Amino acid sequence: MKNILILGAGTAGTMMANHLRKRIDHTEWSITIVDKEPQHYYQPGFLFMPFGIYSEEDIVRPKSRFVGDGVHYRDSAIERIDAAANQVLLEGGETLPYDVLIVATGTAPAPDEIEGMTGPDWRDRVHEFYTFEGSRALRGALDKWQGGRLVVHICEMPIKCPVAPLEFAFLADTWLRERGLREKTEIVYVTPLSGAFTKPVASKILGHLLDDKKIDVVTDFNIGHVDNEAHKIVSWDEREVAYDLLVTVPTNMGDPMIERSGLGDELNYVPVDKHTLQSKAHANIFVIGDATDVPTSKAGSVAHFESEVLVENILSFIAGKPLDTKFDGHANCFIESGNGKGFLLDFNYDLEPVTGKFPIPGIGPMSLLEESRLNHLGKMAFKWVYWNVLLRALPLPMIGHKMTLAGKQIPDGVVRPTAAH
Amino acid sequence: MPDTTINGITVSVDADGYLTDHSQWSRELAEGLAAAEGITLTDAHWKILDFIAADYAEKSAVPGMRRMNKVGGIPTKELYALFPDGPIKKAAKIAGFPKPTSCV
């Protein structure tokens with residue numbers, strides 16, 4: 001019997017387990033998935049929990065429920081990968097040998113990476129919404145909010161769901177208005193990048209949202225430390241932003257196990273071929289989801305599209321065939337813009353988000369890069385799709401892993417994708 | 001794409017002055033791009049520009065501050081001293097690569 005071993009039963013790992021169990025020859029291959037954390041969180045819900053839009057119960061399910069028959073589920077922490085010996089050491093000393101390894105251990109906030117971030121203000125005036133606990137604590141902070149300076153902040157890129165902090169600022173604007181607290185609250189958006197929007201087409205079309213909502217933007221801000229006494233963040237070039245409530249996105253890092261295994265880059269992401277998702281260091285190691293270093297968004301839709309590519313490549317790999325299925329960096333994300341509206345992004349490695357209709361060219365019903373009520377409803381409906389379609393590795397109707405140019409309006413001056421990969 | 005002439009070399013740039021075709025980049029052009037930012041390139045600058053180029057070839061992305069520190073061995077203070085006010089985006093521009101962006 002040969003072994004396919006999947007590390008991590010989050011979004012990406014669960015989808016891979018369900019793809020493979022439907023396609024693999026079970027007389028020859030055994031599939032095992034390992035995870036230490038029993039709960040599966042619907043992570044887009046972390047954005048909504050602080051505003052009371054989703055309850056805690058809405059976004060939590062047991063992980064093992066989503067891994068179907070034919071897969072061994074192991075509830076264990078992972079000590080490290082011993083790539084030279086083709087085995088994984090579990091906490092406690094047990095080893096699991098593998099013929100093919102799939103790393104799906106994701107990314108997590110690492111607030112200790114910034115000096116002072118986990119000081120006395122942590123979970124008091126300094127909050128994050130990238131964990132269940134963080135999102136819950138932030139809800140408590142908002143419940144007590146009476147006004148002041150609300151600073152929404154990104155420590156450094158890359159981060160999971162890169163547009164989530166902007167969505168947080170937009171939703172906060174609406175939430176404060178509904179409570180009569182907007183006039184008493186300054187909202188400041190602080191980014192290490194050159195603007196809240198950085199892609200040319202999106203900046204042109206959506207840049208007005210920040211002015212409209214009176215959200216101040218501080219750009220090129222590389223945080224040096226948090227001053228807990230004076231309640232301000234200080235940049236490397238000694239600029240200061242004071243806060244009454246800081247909602248930060250801490251440095252995101254891959255799992256420390258990747259570092260212990262000697263397989264990661266400076267942020268513990270595993271270098272892979274960006275089209276095949278094969279590890280650059282070891283041919284029988286594949287990486288999916290937030291754990292990779294591929295230059296596209298760390299997002300559930302990306303993991304979904306990657307899983308459709310990776311299942312083909314793993315079947316090719318074990319058959320000794322070339323890895324012919326190529327991932328193009330496709331991401332598809334609903335973005336909340338406040339006031340019950342949203343916009344939709346569809347992009348890949350080679351094409352930035354542009355306007356158009358989706359998924360049916362010319363018809364929609366969704367509009368790309370345009371605010372609409374329907375896009376917001378799409379995001380709300382997505383929770384059901386996530387639990388019932390995506391995690392079960394069922395295809396999304398009309399939306400394939402390859403991004404389509406049909407239905408997109410590409411303005412002059414935008415770099416168009418060249419030939420398909 | 002608007003064309004612009006830097007150091008007598010005509011190149012295509014985006015609205016913010018970043019090269020849209022890296023194959024048009026040369027060391028001579030970099031001197032001109034740096035001059036437009038008020039920077040005279042020294043060996044210390046070139047060490048950073050060369051690191052960005054090597055790293056871009058590997059990762060298809062301009063390295064962030066942490067990667068500059070940890071992998072390139074370039075301290076943050078030095079980056080600010082050499083490329084004041086937004087060192088990563090300035091260095092990326094002079095090295096002929098796109099500015100670091102998010103998804104939107």
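## A hairpin in chain B

In which sense do strand β1 and strand β2 of chain B pair, and over how many bridges? The sense is antiparallel, and the bridges number four. This is a predicted model. Strand β1 of chain B covers residues 3–6, and strand β2 of chain B covers residues 9–12.

B:I6 has B:I9 as its bridge partner in β2(B). Two residues lie between the strands of this hairpin. B:N7 takes a positive phi there, near 55 degrees.

## Where chain B meets chain A

How many residues does each chain bring to the contact? Chain B brings 19 residues, and chain A brings 36 residues. The area buried between chain B and chain A is about 2,400 Å². Carbon and sulfur atoms give 54% of that area. On the chain B side, the residues that lose the most area to chain A are B:R66, B:C103 and B:V104. Together they make up 33% of what that side buries.

## Polar and charged links

Six salt bridges cross the interface of chain B and chain A. The side chains of B:K89 and A:D220 meet in a salt bridge, at 3.0 Å from N to O. Polar contacts were also counted between chain B and chain A: 14 residue pairs, with both residues at pLDDT 80 or more.

Which helices of chain B each supply at least two residues to the side that touches chain A? They are α2 (43–59), α3 (65–70) and α4 (76–82). Of the elements of chain B, α3(B) gives the most to that side, with four residues. By residue class, the side of chain B that touches chain A holds seven nonpolar, four polar and eight charged residues.

## A loop proline in chain A

A:P395 sits in the loop between α9 (373–390) and β25 (408–409) of chain A. Is A:P395 buried or exposed? A:P395 is exposed, because its relative accessible area of 61% is over the 50% cut-off.

Which residues does A:P395 contact, once its neighbours within four places in sequence are left aside? They are A:E308 and A:V389. A:E308 is 87 residues from A:P395 in sequence. In space, the two C-alpha atoms of A:P395 and A:E308 are 8.6 Å apart.

Definitions and conventions: Residues are numbered from 1 along each chain as its sequence is written. Chains are lettered from A and ligands numbered from 1 in the order in which they are written. This is a predicted model: local features need pLDDT of at least 70, side-chain atom pairs count only at pLDDT 80 or more; totals for chains, interfaces and linings use all residues. Side-chain values use heavy atoms; hydrogens and water are left out. Contact means heavy atoms within 4.5 Å. Buried area is the accessible area (1.4 Å probe) that two parts lose on being put together, summed over both. A salt bridge is a side-chain nitrogen of Lys or Arg within 4 Å of a carboxyl oxygen of Asp or Glu. A polar contact is a pair of N or O atoms within 3.5 Å; within protein, one must be able to donate a hydrogen and the other to accept it, and residues adjacent in sequence count only if both atoms are side-chain atoms. Ala, Val, Leu, Ile, Met, Phe, Trp, Tyr, Cys and Pro count as nonpolar, Asp, Glu, Lys and Arg as charged, and the others, Gly among them, as polar. Buried means under 20% relative accessible area, exposed over 50%, partly exposed in between (1.4 Å probe, protein chains only). Two strands pair if DSSP finds at least two bridges between them.
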